[in-house]
Amino acid sequence: KKHVAIYNEAFDELKKKLNLFNLALIHVFDISNLFDTDKIGAMIALENGNFNKKSYRKFIIKNNSSTSDVACMHEVIVRQYTRMLKEQEDLPNLIIADGGIQQVNAIRNALKEINLDLIIPVIGLAKNNKHQTDKIIINEEIKLDLDYKSSLYLYLLKIQDEVHRYAITFFRNRKQTSLLRSKLNEIKGIGNITINKLIKYYENITNIKNAPEEELAQYIGLKNAKLIKNELK
């Protein structure tokens with residue numbers, strides 16, 4: 001309960017600092033990639049200052065020309081809010097970028113494309129050269145310093161940790177899925193329908209190896225189950 005009080009206090013402090021007194025819905029974005037491959041975007045949502053996992057969203061970057069994090073962010077923002085406008089959903093009262101001025105500008109430019117740049121405020125959480133979050137970025141001129149001992153700082157850190165966790169989990173799951181798919185593709189006689197079923201129910205190679213043959217057979221038939229078990233020994 002003490003924790004809850006601290007975060008309520010921090011949430012109120014955020015409203016004051018930004019001069020935004022309705023923060024019923026906040027969206028936070030992060031882009032994750034490894035050596036410019038398998039780029040993904042992640043969005044978490046806070047309702048009245050608390051995480052609402054039902055509203056989280058994952059994005060597989062579709063545009064191959066989106067090579068930089070900034071281009072990926074642009075794509076994700078346009079997709080998310082075009083969909084929300086189409087489905088007439090309530091828009092957020094604030095967007096937080098996990099990043100500095102480049103990410104903030106990428107979001108604002110994307111919002112401008114869909115005429116939302118004057119409707120949704122955007123801030124960034126920028127890191128110093130020691131890779132510690134130390135500033136709220138409003139624009140090129142306005143940067144608000146954060147006090148490391150404040151409840152607001154800890155609250156924003158918690159938000160960053162959550163969006164990172166969500167992005168990295170999605171990224172790792174995608175990597176595992178692509179490894180599993182390529183491994184199963186090597187097995188002669190196993191088709192796409194079988195592979196898709198295995199990915200759906202087992203997610204990775206270890207789970208398939210550990211599953212009894214009879215269990216696998218329930219999903220993919222005994223012949224395929226035996227074939228896969230022999231190949232993975």
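## Salt bridges and a helix pair

Visitor: Which residue does Lys127 meet in a salt bridge?

Guide: This is a predicted model, so let's read the contact from its atoms. The side chain of Lys127 has a partner 3.9 Å away, N to O, and the cut-off for a salt bridge is within 4 Å. The residue it meets is Asp98.

Visitor: How many residues apart in sequence are the parts that this pair ties together?

Guide: Lys127 sits in strand 6 (residues 122–127). Asp98 is in the loop between strand 5 (94–97) and helix 3 (101–113). The pair therefore ties together parts whose separation in sequence is 29 residues.

Visitor: Is Asp98 buried or exposed?

Guide: Take Lys127 to begin with: its relative accessible area is 31%, so it is partly exposed. For Asp98 the relative accessibility is 11%, and the limit for that class is under 20%. That makes Asp98 buried.

Visitor: Which strand holds Lys135, the salt-bridge partner of Asp145?

Guide: The side chains of Asp145 and Lys135 meet at 3.5 Å, N to O. Asp145 lies in strand 8 (residues 143–145), and the pair ties together parts 10 residues apart in sequence. Lys135 is in residues 133–137, which is strand 7.

Visitor: And is Asp145 buried or exposed?

Guide: Lys135 has 25% relative accessibility and counts as partly exposed. Asp145 has a relative accessible area of 52%, and the class limit here is over 50%. So Asp145 is exposed.

Visitor: Which residue is linked with Arg83 and Glu89 in a network of salt bridges?

Guide: Glu89 forms a salt bridge with Arg83, with the closest N and O atoms 2.8 Å apart. Glu89 is partly exposed at 32%, and Arg83 is partly exposed at 24%. The network that links these two also takes in Glu87.

Visitor: How many salt bridges does the structure hold?

Guide: We've looked at some of them, including Lys127 with Asp98 and Asp145 with Lys135. The count for the structure is nine.

Visitor: On to the helices: what is the orientation of helix 7 to helix 8?

Guide: Helix 7 (residues 213–220) and helix 8 (residues 222–232) pack with their axes 7 Å apart, at an angle of about 130°. Angles over 145 would count as roughly antiparallel and 65 to 115 as roughly perpendicular, so this one falls among the rest. Helix 7 is therefore oblique to helix 8.

Visitor: How many residues of that contact are nonpolar?

Guide: Helix 7 brings Glu213, Leu216, Ala217 and Ile220, while helix 8 brings Leu222, Asn224, Ala225, Lys226, Ile228 and Lys229. Three of the contact residues are charged and one is polar. The nonpolar count is six.

Definitions and conventions:
Residues numbered from 1 in each chain as written. Predicted model: local features only at pLDDT ≥ 70, side-chain atom pairs only at ≥ 80, totals over all residues. Heavy atoms only, no water. Buried < 20%, exposed > 50% of the residue type's maximum accessible area, 1.4 Å probe, protein only. Helix = DSSP H or I, 4+ residues; strand = E, 2+ residues; numbered from the N terminus. Axes fitted to C-alpha atoms, helices over the stretch in contact; angles between N-to-C directions. Parallel < 35°, antiparallel > 145°, perpendicular 65-115°, else oblique. Contact = heavy atoms within 4.5 Å. Nonpolar A, V, L, I, M, F, W, Y, C, P; charged D, E, K, R; others polar.
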